[in-house]
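Please examine the structure shown below alongside its sequence.

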Amino acid sequence: MTDLTMLEKASAAWGGVAPDWIEELADMAERRGLNACATQLGYSSATISQTISNKYRGDLSKIEDKVRGALMGKTVMCPILGELGRHKCLNWQTKPRAITNATRTKMYHACRNGCPHSRLKGGGNVS
């Protein structure tokens, strides 16, 4: 059994120098644990562990965006809500349309009709 910290594991897995967002993710996982980290970002603890270990085969750019938004303060200018965290922007994109809520309806349409921050079909597909 190894006694490496999450930062040491990340550094080793990423060839000696992990990207800044991986270091931030590893630092949070070290301080608060994988489960708390996973809950905050909306992923499983296995996904967080695989990401830190450079073994995750899914869309790393989406995880990077969530880490930059939730842990590093990256914001975007939403056409409906104004400035908000990138992770919150990504969360809005996953919500279904709710005709009983005017804000959700506006967000649903904005995310699917050319918003430059949207990763959805019809959006700007900017990471």
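In this predicted model, the sulfur of C89 has its closest cysteine sulfur in C115, at 5.8 Å. A disulfide requires two cysteine sulfur atoms within 2.5 Å, so the separation of 5.8 Å between C89 and C115 is too far for a bond. The structure as a whole holds zero disulfides. C37 is likewise in no disulfide, and the nearest cysteine sulfur to it, that of C89, is 20 Å away. C37 counts as buried because its relative accessibility is 0%.

The overall build of the chain may be considered next. The chain has seven helices and two strands, and their order from the N terminus is α-α-α-α-α-β-β-α-α. The C-alpha trace spans about 55 × 25 × 25 Å along its principal axes. Of the 127 residues in the chain, 35% are buried. Among contacts with a separation of 6 or more, 39% join residues 24 or more positions apart. The accessible surface of the chain amounts to about 7,200 Å², and carbon and sulfur atoms contribute 50% of it.

Strand β1, residues 75-78, pairs with strand β2, residues 82-85, in the antiparallel sense over four bridges. The two strands form a hairpin, with three residues between them. Within this pairing, V76 stands opposite L84 of β2.

What covers the buried residues of helix α5? The helix comprises residues 60-70, and its buried residues are I63, D65, K66, V67, R68 and G69. Their cover includes α2 (20-32), α3 (34-41), α4 (45-52) and α6 (86-94). Helix α6 is also the place of H87. Beyond its neighbours within four places in sequence, H87 is in contact with D65, K66, G69 and A70. H87 counts as buried because its relative accessibility is 16%.

A further histidine, H117, is found in the segment after α7 (102-112). H117 is buried, because its relative accessible area is 18% and the cut-off for burial is under 20%. In sequence, H117 and L71 are 46 residues apart; in space, their C-alpha atoms are 18 Å apart.

Most residues other than glycine have a negative phi. N54 is not a glycine, yet it has a positive phi of about 60 degrees. Is N54 buried, partly exposed or exposed? Its relative accessible area is 27%, and N54 is therefore partly exposed, as this value lies between the limits of 20% and 50%.

Conventions
Residues numbered from 1 in each chain as written. Predicted model: local features only at pLDDT ≥ 70, side-chain atom pairs only at ≥ 80, totals over all residues. Heavy atoms only, no water. Buried < 20%, exposed > 50% of the residue type's maximum accessible area, 1.4 Å probe, protein only. Contact = heavy atoms within 4.5 Å. Areas by Shrake-Rupley, 256 points an atom, 1.4 Å probe, with all protein chains shown as cover. Pairing = 2+ DSSP bridges.
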